[in-house]
Amino acid sequence: MKKCIEKALQYVQKPARYAGGEFNAVVKNPEYMDIRYAFCFPDLYEIGMSHLGMKILYSMVNEKRNYWCERVFAPDEDMEEQMRKNNIPLFALESSDYIKDFDIIGFTLMYELCYTNMLNTLDLAQLPLLSKDRDSLTPVICCGGPCTCNPEPIVDFVDIVFLGDGEESTMELLALLEECKKAGLSKQEFLFKAKDIRGVYVPSLYEDSYNEDGTLKELKPLSGAPKKVIKAVVADMNTCFYPKEFVVPFISIVHDRAVEEIFRGCIRGCRFCQAGFIYRPIREKSVETINAQSKALIESTGYDELSLCSLSTSDHSRVNEMLNSLIDWTVEDKINLSLPSLRVDNFSDELVEKLNKVRKSGLTFAPEAGTQRLRDVINKNVTEEEVLTTCTKAFDNGWTSVKLYFMMGLPTETMEDIEGIADLGMQVIHAFYNNPNRQKGTGVQVSISCASFIPKPFTPFQWEPEDTMENLKAKQKHLLKSIPSKKIKVSFHETPTSLLEGVLARGDRRLNAVILDAWKNGCKFDSWGDKFNYDAWIAAFEKNGIDPFFYTKRRRDFSEPLPWDHLDYGISRKFLERENIKAHNNETTPHCRIKCAGCGANMINGGHCDARG
């Protein structure tokens, strides 16, 4: 470690965030490296170290002998102060080398409110923030993750955008960069070649124009760039790379455990859920693969907890067989098995029997809306009876706490729907106390969490207006008035951060200047409530003559070009339009295993998807 860094660590609260040297961290000799890759998570160490995507790509790149991937996180304010005061550029954990000297710097963008952190990271690295001001071939600045569904608000800052599964495109791009470095090619020559890699979007090869009413007129491809950039897709999860080991941190992180991804994608089609659409088609791992990979991770890390990762764990087609194989050894080895993302409509007796063999914790379910009408609008395909039946099964088997997730501000929502949230919470309490099998002398706790709904790209609600802050606050107040029992605890999302997230989620290239000015105004860690500066953001919008409500308050017409129309995530626009119309008619669509809805995902994966039977 460089002495200047070591000295700075004396003055920070958690030096382990920046010291490196953790168990399973990969250290190589830089003299033999052809590509050095700084993988940046633009938030604190504790959050970034919990991110599965970073673990996968970190290990995958480091499998190649002459490539070295190192980790970088956004420093907290105490460390940033030391770095700026002592002129220490941002450095990577494994080597302590400054990332401005690396070949490629990649950001994973999990949420829109990390955009100013990305700028702050580049500034701490002592690199120009704007792509046009970085003339040399390296470092190439790239980004990936869910936010790249619509990367337009941040394209001025990056050279490359990854779409879809990073396992497919990352190594191909790194090989091209190695080739261009050795050939002495320019940045522009490299980008021109990169545009032909599937899943790679080069924003500088597109030009935007606008109508008099402020709507997008066109995003025109230049220099032979494709009209549609198609996302990369891992076709077979059984043969796809997965780490045999994770870096084990010295300090507690948000999700401090081994994680096994059991499948990618979702069959459900909930109309509010971006992840459920952009990760289509569904691709499962076999029970044998899941079991083998899980064992390898536990053995290599020493963790005593294993979490199964997917959008809906109980939707794995062989879930009971999978749990049997895992429980056989996790119970014997005293490994806690965590099953998040369970659904109330397939919480079977057999599944309950399996869960009884693992450590009991609170169960979490997501009805999403308080009335059946609104659940039909969002295509949740869950009934109140199923919610109560599932909770009763849980209470029968000793559970005494349930967490229910809802959304507030959904399209067509009324105060009656808000009251339905309170009613459903009370019905769960009644189900507990009316259950003859409950343990005597025990009480129940129902936690209700209400997120503010934000329309996102590549969903049927991408054309919908976002509910106003005033309406959301009124609905929150009405829900609290409607709760009749202290056994129900309610939590909400902050409405000002929801407004900003909504603007950035569906914004266009004009927002690049706003984000830059917001950062100059001191904005960073915007997802942290105590650090979010609403007034500084509004000042940035005003300086650039942009009304943030232009992106949130109005309903977009189906004929309007959208800033992400040139990106192909495999979901056809016509399908999303049909689903939007059905939502306004309170009509549901069966999930993929019941009937194919023709979303288009089969065409992006060689003609195959989970509904192919």
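This is a predicted model: local features need pLDDT of at least 70, side-chain atom pairs count only at pLDDT 80 or more; totals for chains, interfaces and linings use all residues.
Trainee: What should I know about side chains in a strand?

Mentor: In a regular strand, side chains alternate between the two faces of the sheet. Now look at the turn in our hairpin: five residues lie between β7 and β8, and Gly 214 has a positive phi near 95°.

Trainee: How many salt bridges does the structure hold?

Mentor: There are 43. One of them joins Glu 70 to Arg 36, with the closest N and O atoms 2.5 Å apart. Glu 70 sits in strand β2 (residues 67–73) and Arg 36 in strand β1 (residues 35–41), so this pair links distant parts of the chain, 34 residues apart.

Trainee: Are Glu 70 and Arg 36 buried or exposed?

Mentor: Both Glu 70 and Arg 36 are buried. Another salt bridge brings Arg 264 and Glu 167 together at 2.9 Å, N to O. Arg 264 belongs to strand β11 (residues 263–264) and Glu 167 to helix α7 (residues 166–183), so the pair ties together parts 97 residues apart in sequence.

Trainee: Why does Arg 264 count as buried?

Mentor: Because its relative accessibility is 9%, and buried means under 20%. Arg 264 and Glu 167 also belong to a salt-bridge network with Asp 165, Glu 261 and Arg 283.

Trainee: Which residues form the negative surface patch?

Mentor: Glu 299, Asp 328, Glu 332 and Asp 333. Glu 299, found in helix α10 (residues 287–301), is exposed, with a relative accessible area of 67%.

How values were computed: Residues are numbered from 1 along each chain as its sequence is written. Side-chain values use heavy atoms; hydrogens and water are left out. Patches are made of residues with over 30% relative accessible area and no salt bridge: like charges are joined within 9 Å, nonpolar side chains (Val, Leu, Ile, Met, Phe, Trp, Tyr) within 5 Å. Accessible areas come from the Shrake-Rupley method with a 1.4 Å probe; for residues, only the protein chains shown count as cover. A salt bridge is a side-chain nitrogen of Lys or Arg within 4 Å of a carboxyl oxygen of Asp or Glu. Lys and Arg count as positive and Asp and Glu as negative; His and the chain ends are not counted. The place of a charge is taken as NZ of Lys, CZ of Arg, CG of Asp or CD of Glu. Helices (H or I, at least four residues) and strands (E, at least two) are DSSP runs, numbered from the N terminus. Buried means under 20% relative accessible area, exposed over 50%, partly exposed in between (1.4 Å probe, protein chains only). Two strands pair if DSSP finds at least two bridges between them.
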